Amino acid sequence: MAAEPGFKSREGVRWCPGCGDYAILSAVLRLLPTLGIPREKFAFISGIGCSSRFPYYVETYGFHGIHGRAIPLATGLKCARPDLSVWVVTGDGDGLSIGGNHLLHALRRNPDIKVLLFNNRIYGLTKGQYSPTSELGKVTKSSPFGTIDRPLSPLSLALACDATFAARAVDNDGPGLNAILRRAAEHRGTALVEILQNCVVFNDGAFAAEEDKTRREDFLLRLEAGQPLVFGTARDRGLRWKDGRPEVVRFSGEPPADLILHDDKSSWEYAAMLARLAPPDFPTPVGILRCAAVPTLDGLMDRQLAEAGAAGPADFDRLLAGPLTWEVR
Amino acid sequence: MEPLEVSAVTIRVAGDSGDGIQLTGSQFTASTGLAGNDLATFPDYPAEIRAPAGTTYGVSGYQIQFSGLDVLTPGDDPDMLVAFNPAALKVNLKDLRPGAAVLVNTDAFTDANLKKAGWSADPLKDGSLSSYRVLEVPVGMLTANALKDLALSAPQAGRCKNFFVLGILYWLYERPLEPTLAFIRRTFAKKPLLLEANTRVLQAGNAFAETEELFERTYRVRKAPIAPGTYRNLTGNEAAALGLAAAAERSGHPLFYASYPITPASEILQALAKMKPYGVRTFQAEDEIAAVVAAIGASYGGHLGVTGTSGPGLALKTEAVGLAVMAELPLVVVDVQRGGPSTGLPTKTEQADLLQALFGRHGESPVCVLAPATPGECFSSAFEACALAMKYRVPVLVLSDGYLGNGSEPWKVPKLAELPKIDVSHEPGCPPESFLPYRRDPETLARPWVVPGMPGFEHRIGGLEKDAATGQVSYDAENHEAMVHLRAEKVARMAREIPATSVLGGPDGDLLVVGWGSTYGAITTAVRALRAEGKKVSAVHLRHLNPLPPDLPGILKRFPKILVPEMNLGQLSWLLRAHILRPIEGFSKVQGRPFKVSEIRERVLQSLAGEGGADGR
């Protein structure tokens with residue numbers, strides 16, 4: 001698959017061979033030229049971590065900032081320049097740990113930025129310490145006896161912040177990833193896409209089931225609007241409500257009528273339920289959990305400015321003079 | 001009786017923080033400006049919004065000095081203290097000189113209030129106040145009388161009593177009522193009952209003062225010889241906000257001000273938030289770091305990115321300021337300093353962030369540091385900071401402080417068109433094929449401020465070290481050292497922008513007082529007085545702390561003694577010693593309060609007499 005040459009930068013890519021980041025970069029390079037936005041109108045913003053090298057590899061404007069702060073950098077840029085398409089590339093350490101506070105406030109404020117959160121459940125750039133999404137008990141360089149802190153669910157966090165767009169994709173799932181990235185690009189507001197990404201060096205196989213192309217349909221629940229929640233290589237399992245909770249049912253032939261129909265514009269409560277689904281009891285949902293039309297921060301800021309300026313150019317000399325002056329002769 | 005003519009008056013009004021002390025002070029200030037006096041004010045309020053009524057730690061104060069002469073400080077010792085309750089008397093009595101007037105609200109001097117304030121006996125009765133001229137006024141009762149036929153609750157009526165006192169003060173010092181009456185009409189336009197109540201109480205206080213024999217005469221302060229022009233009163237924080245907005249106008253770059261609320265800097269955010277009709281964007285961030293980083297993001301997008309804070313917030317912004325140094329983007333940070341470290345004294349003033357501003361980042365990370373000397377200079381410093389940041393693409397820190405931020409003075413209102421135009425170019429200076437994001441202007445060493453949206457010039461910047469020529473990420477050893485020197489040289493070259501340092505007094509003499517920031521008023525007043533007494537003392541006040549004025553070493557050389565008063569343990573002294581290798585006498589005051597003129601004067605005399613000592617603390 002040839003990436004659009006116009007968007008691939010000349011910088012040599014410096015991720016480890018086999019890193020999941022390559023596939024995500026390819027997907028983004030394929031997507032950008034199809035969005036109808038001139039190249040100079042894109043800005044890729046990142047913090048620190050393996051994923052944060054991303055802007056160097058895209059021939060757009062880019063800013064590789066400091067650890068955890070890509071979101072406020074992007075928010076400031078987007079509020080100042082609503083004409084730009086602003087993308088944030090972050091990871092589970094950068095976005096959920098040191099920068100967690102910024103992520104939650106972006107999600108509630110809804111600036112029109114796209115946030116690609118590469119979740120590999122490990123600190124890669126610092127060479128193998130546990131992250132906020134590492135499984136409880138995981139043995140890493142900084143947890144030789146196993147971690148004792150419970151992991152965070154990025155999508156549950158996003159929904160708790162009333163995210164207007166929350167989705168999950170898998171790095172090596174090309175068609176699925178492409179479709180989700182496109183929807184994220186088209187969303188007006190903060191679009192959070194959690195991308196399950198394999199760190200081949202420090203956490204290889206973290207998503208073995210989700211990434212194994214021969215059997216992953218048994219473990220992935222692909223969310224498609226208007227379709228029932230069905231999964232399985234043989235498409236023989238589905239989800240339905242039982243006593244107010246989801247349960248997995250097996251079936252043969254046509255899906256039973258009582259399976260849950262997916263609707264990404266449905267209730268917050270439904271999306272929140274999807275965000276909690278996880279192995280071993282449930283498949284891992286991939287796709288768009290929620291997509292809601294809500295005014296954006298930059299749009300509201302612009303509107304306030306427009307309304308305040310509607311009376312025509314304001315007289316700055318009056319502002320300098322203030323409410324009360326006196327003359328000295 | 002004829003009015004008594006006096007050259008200057010200092011009044012302090014004090015009471016519970018819920019008594020409307022700051023409002024009383026600001027109204028008196030506005031009327032005093034209109035009366036043509038020169039003035040300076042200093043509000044002193046507690047950190048607690050509504051501390052338990054009647055306690056000493058809940059006392060709020062407002063001091064104003066006004067005069068027919070040039071006024072540079074809010075005055076050392078009040079000529080009159082207004083004490084709304086026993087706690088206010090307790091806290092402020094020690095600052096009064098014998099013979100000063102004390103106006104007390106006798107209604108508040110109950111046994112319970114006396115006890116709460118820590119008086120073992122009633123000071124109005126036991127002779128504690130025998131060396132002062134005490135004016136006992138039952139303000140609460142008289143206010144209630146003036147309002148008795150209005151349908152107001154007792155607390156509502158009680159809240160009017162500050163205007164009764166204001167009415168008295170207006171009579172005593174021959175101030176017009178009209179500006180405050182106009183204020184009442186504006187404020188209570190939709191609350192006719194409160195409009196009537198406040199109007200009545202102000203007039204009742206004024207009439208009471210005129211008829212009551214307690215006050216023998218009024219005091220007359222001549223108009224000050226002020227340069228002709230249009231004036232307003234403004235605080236340092238209002239001035240900073242206007243200066244930033246004016247720089248945006250004059251540079252054609254929209255202002256993006258991102259900030260997290262913090263005492264005593266929040267008023268800048270609040271003032272700018274109202275300026276939407278002027279295209280000002282404000283962003284109240286989730287924390288101090290997000291604020292500075294959002295400002296950098298806006299600056300990256302071609303706006304004038306500014307953040308404001310106080311010391312604890314500057315500490316949090318440190319890493320991001322380093323990013324702006326590395327990315328070579330314009331950034332302005334206004335630090336309204338307060339007492340520290342940690343939470344410290346949030347509402348009190350201090351100058352202890354100087355070395356933090358200069359050196360509080362990792363790596364070799366030079367920034368430009370400016371310091372306004374008066375509330376009005378907060379305007380020009382903010383304006384200059386924006387111009388320098390955009391020209392050199394360097395972070396510029398402005399060190400204001402609580403005293404400047406909250407203090408006010410009459411300010412000659414400029415016209416926008418009179419302010420210098422700030423020329424900023426985003427031109428890459430070459431076609432896209434040969435564009436290099438780190439190719440520098442040979443004069444300023446600034447790199448091109450190419451913003452997203454310019455076709456063909458797409459490039460990446462960031463916190464990693466960059467190759468001096470191509471702007472690509474570089475870990476090369478020699479390149480890093482060259483870049484460290486380059487960033488330092490860029491800031492050093494900003495010294496070219498500093499005007500010749502003006503020396504107050506003779507170009508040489510026995511002693512030079514060197515100050516920076518808000519100590520200007522006290523130092524200047526003290527040095528003028530000493531020179532009038534024939535002492536060979538001069539003063540220099542620094543507005544540029546980094547880089548320092550190039551002519552400073554030459555000036556310092558001409559004085560055998562150098563005295564540096566500052567509200568910290570000697571940070572400028574430290575800097576000057578390092579810079580010019582000269583003995584410096586430091587003079588520290590770290591009490592959350594500004595220097596008094598008398599303190600500077602006495603310290604200079606000690607030093608002239610050889611009693612100072614090298615560190616002289």
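Tutor: Two strands count as paired when DSSP finds at least two bridges between them. Keep that rule in hand. The model is predicted.

Student: Which strand of chain B does strand S12 of chain A join, and in which direction do the two run?
Tutor: S12(A) covers residues 326-328. The cut-off for pairing is at least two bridges. Here 3 bridges are found, joining S12(A) to S9(B), and the two strands run antiparallel.

Student: Within S9(B), what is the bridge partner of Glu327(A)?
Tutor: S12(A) spans residues 326-328 and is joined to S9(B). Glu327(A) has its bridge partner in S9(B), and that partner is Thr230(B).

Student: What area do chain B and chain A bury between them?
Tutor: Interface size is often given as the accessible area lost when the parts come together. The contact here takes 69 residues from chain B and 55 residues from chain A. Of the buried area, 64% is on carbon and sulfur atoms. The total between chain B and chain A is about 5300 Å².

Student: How many salt bridges cross the interface of chain B and chain A, and how far apart are the closest N and O atoms of Glu286(B) and Arg109(A)?
Tutor: The rule finds 4 salt bridges across the interface of chain B and chain A. Glu286(B) and Arg109(A) form a salt bridge. The cut-off is 4 Å. Their closest N and O atoms lie apart by 2.7 Å.

Student: Which element gives the most to the side of chain B that touches chain A?
Tutor: Between chain B and chain A, 32 residue pairs are in polar contact, both residues at pLDDT 80 or more. Several elements of chain B each supply at least two residues to the side that touches chain A, including helix H1, strand S9 and helix H12. The top contributor gives 8 residues, and that is H11(B).

Student: Where is Thr349(B) found, and is Thr349(B) buried or exposed?
Tutor: Thr349(B) sits in the loop between strand S13 (331-337) and helix H13 (354-359) of chain B. Leaving out residues up to four places away in sequence, Thr349(B) touches residues that include Gln337(B), Asp401(B), Met567(B) and Arg593(B). Its side chain reaches the backbone nitrogen of Tyr403(B) at 3.1 Å. The relative accessibility of Thr349(B) is 2%, under the 20% cut-off, so Thr349(B) counts as buried.

Student: Which elements do the buried residues of H7(B) pack against?
Tutor: H7(B) covers residues 178-187. Its buried residues are Pro179(B), Thr180(B), Leu181(B), Phe183(B) and Ile184(B). They pack against these elements of chain B: H1, H6 (161-172) and H8 (192-211).

How values were computed. Residues are numbered from 1 along each chain as its sequence is written. Chains are lettered from A and ligands numbered from 1 in the order in which they are written. This is a predicted model: local features need pLDDT of at least 70, side-chain atom pairs count only at pLDDT 80 or more; totals for chains, interfaces and linings use all residues. Side-chain values use heavy atoms; hydrogens and water are left out. Contact means heavy atoms within 4.5 Å. Buried area is the accessible area (1.4 Å probe) that two parts lose on being put together, summed over both. A salt bridge is a side-chain nitrogen of Lys or Arg within 4 Å of a carboxyl oxygen of Asp or Glu. A polar contact is a pair of N or O atoms within 3.5 Å; within protein, one must be able to donate a hydrogen and the other to accept it, and residues adjacent in sequence count only if both atoms are side-chain atoms. Helices (H or I, at least four residues) and strands (E, at least two) are DSSP runs, numbered from the N terminus. Buried means under 20% relative accessible area, exposed over 50%, partly exposed in between (1.4 Å probe, protein chains only).
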